[in-house]
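User: Could you walk me through this structure? I'd like the cut-offs along the way.

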Amino acid sequence: MSGSDERTVPGNTVAVQADMPFSGLTTFGTAFLSKFVCSQMPHPLLEHITFVDTPGVLSGEKQRTQRAYDFTGVTSWFAAKCDLILLLFDPHKLDISDEFNRVISSLRGHDDKIRVVLNKADQVDTQQLMRVYGALMWSLGKVLKTPEVMRVYIGSFNDMPVNDVATGPLGKELFEKEQDDLLSDLKDIPKAACDRRINEFVKRARAAKIHAYIISHLKKEMPAMIGKSKAQQKLIDNLAAEFGKVQREFHLPPGDFPNVEYFRERLSGYNIDKFEKLKPKMIQAVDDMLAYDIPNLLKNFRNPYD
């Protein structure tokens, strides 16, 4: 990221700096922060964009060695705050390991940010590249569970010239066009940053509203006097059915509801009886904000990068 001089700041220090956007990472503990490093340097590009690089995803035998921190949780944290996510593959490592599968699954809800990059494509000839591309799309289809086809950038994204022997003249032209497309995608990030922030805010507001409906519904289902622990366990066990009741009662879209398993896991640590009742005025305030304030904000909000 941008800085006044070239230096490397350890993760524990970065997380407590008020002028840095990383204070939320303290929830992942010292085990993660000791592996997290922030590199700073002065550069005009870094005044508008920050790059986050994840460590390589474990595969094969290495997966048995567990990381000391919640890798998927950290990835989700960054995914919610970033503008673009690049998933990197190369022709010789197309298998999606269990850890990579979990990481990609944790990116659900941020599908519009994901771009897939097939790197080192000049290491195989054109025929092999077609097979590799097909295999990659098949693997991604299984993991992402979506009928829409992902945008895949094919090329050799390094500072070395393209290997003409393997790719031929057509391959070189393709790689150059793909590289230009990816770079234009990256250049568009600052322009779209303002719109994306409002988009993320709207998503968050809708999620908070759904959360309030779910919490109040669960509270309402609890008995007044006896058998509270049994009732709570029953609600947690049948959480998918309870979500369905909330959806039907308030006419909410099913796509806005949180992941059932994740919600169940979090819910088991709380006492449902102590949850708050629904306050219709607060829900109305959120609805008014989404219906009137956000459209007015978009009218008045001029993009500083235009």
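User: What share of the chain's residues count as buried?

Analyst: Of the 306 residues of the chain, 36% are classed as buried, where buried means under 20% relative accessible area, exposed over 50% and partly exposed in between, with a 1.4 Å probe and protein chains only. This is a predicted model, in which local features need pLDDT of at least 70 and side-chain atom pairs count only at pLDDT 80 or more, while totals for chains, interfaces and linings use all residues. Residues are numbered from 1 along each chain as its sequence is written, and side-chain values use heavy atoms, with hydrogens and water left out.

User: How many helices and strands, and which domains?

Analyst: The chain has eleven helices and five strands, taken as DSSP runs numbered from the N terminus (H or I of at least four residues for helices, E of at least two for strands). The domain assignment lists domain 1 (1-45), domain 2 (46-192) and domain 3 (202-300), with bounds that come from an automatic or database assignment. Taken over C-alpha atoms, the centres of domain 2 and domain 3 are separated by 35 Å, and the C-alpha trace of the chain spans about 80 × 45 × 40 Å along its principal axes.

User: Where does the second largest pocket lie?

Analyst: The second largest pocket lies between domain 2 (46-192) and domain 3 (202-300), because both give residues to its lining. Its volume is about 2100 Å³, and 37 residues line it, those closest to its centre being R108, A207, P258, N259 and Y262. On a 1 Å grid over the protein atoms alone, a pocket is an open set of points where a 1.4 Å probe fits, with protein on both sides within 12 Å along at least five of seven lines, and lining residues have an atom within 4 Å of a point. Grid points are joined across faces, edges and corners, and the volume is the space filled by probe spheres set on the points.

User: Which element gives the most to that lining?

Analyst: That is α7, with ten residues; the elements giving two or more are α3 (71-81), α4 (98-106), α7 (189-221) and α10 (260-267). The lining divides into 15 nonpolar, ten polar and twelve charged residues, with Asp, Glu, Lys and Arg counted as charged, Ala, Val, Leu, Ile, Met, Phe, Trp, Tyr, Cys and Pro as nonpolar, and the others, Gly among them, as polar.

User: Switching to rings, how many aromatic pairs are there?

Analyst: The structure holds 13 aromatic pairs, a pair being rings of Phe, Tyr or Trp (its six-membered ring) with centres within 6.5 Å, called stacked if the planes are under 30 degrees apart, edge-to-face if over 60 and tilted otherwise. F22 and F78 make a tilted pair, because their ring centres are 6.4 Å apart and their planes are at 55 degrees. F22 is in the loop between α1 (11-15) and α2 (29-33) and F78 in helix α3, 56 residues apart, and both are buried.

User: Which cluster do they belong to, and which charges sit over rings?

Analyst: F22, F28, F32, F36, Y69, F71, W77 and F78 form one aromatic cluster. The charged end of R67 sits over the F71 ring, 4.1 Å from its centre, and that of K81 over the W77 ring, 4.3 Å from its centre; the test asks for NZ of Lys or CZ of Arg within 6 Å of the ring centre and within 35 degrees of the ring normal.

User: And H251, buried or exposed?

Analyst: H251 counts as exposed, because its relative accessibility is 71%. Although H251 is not a glycine, its phi is positive at about 55 degrees, and H251 is placed in the loop between α9 (239-250) and α10.
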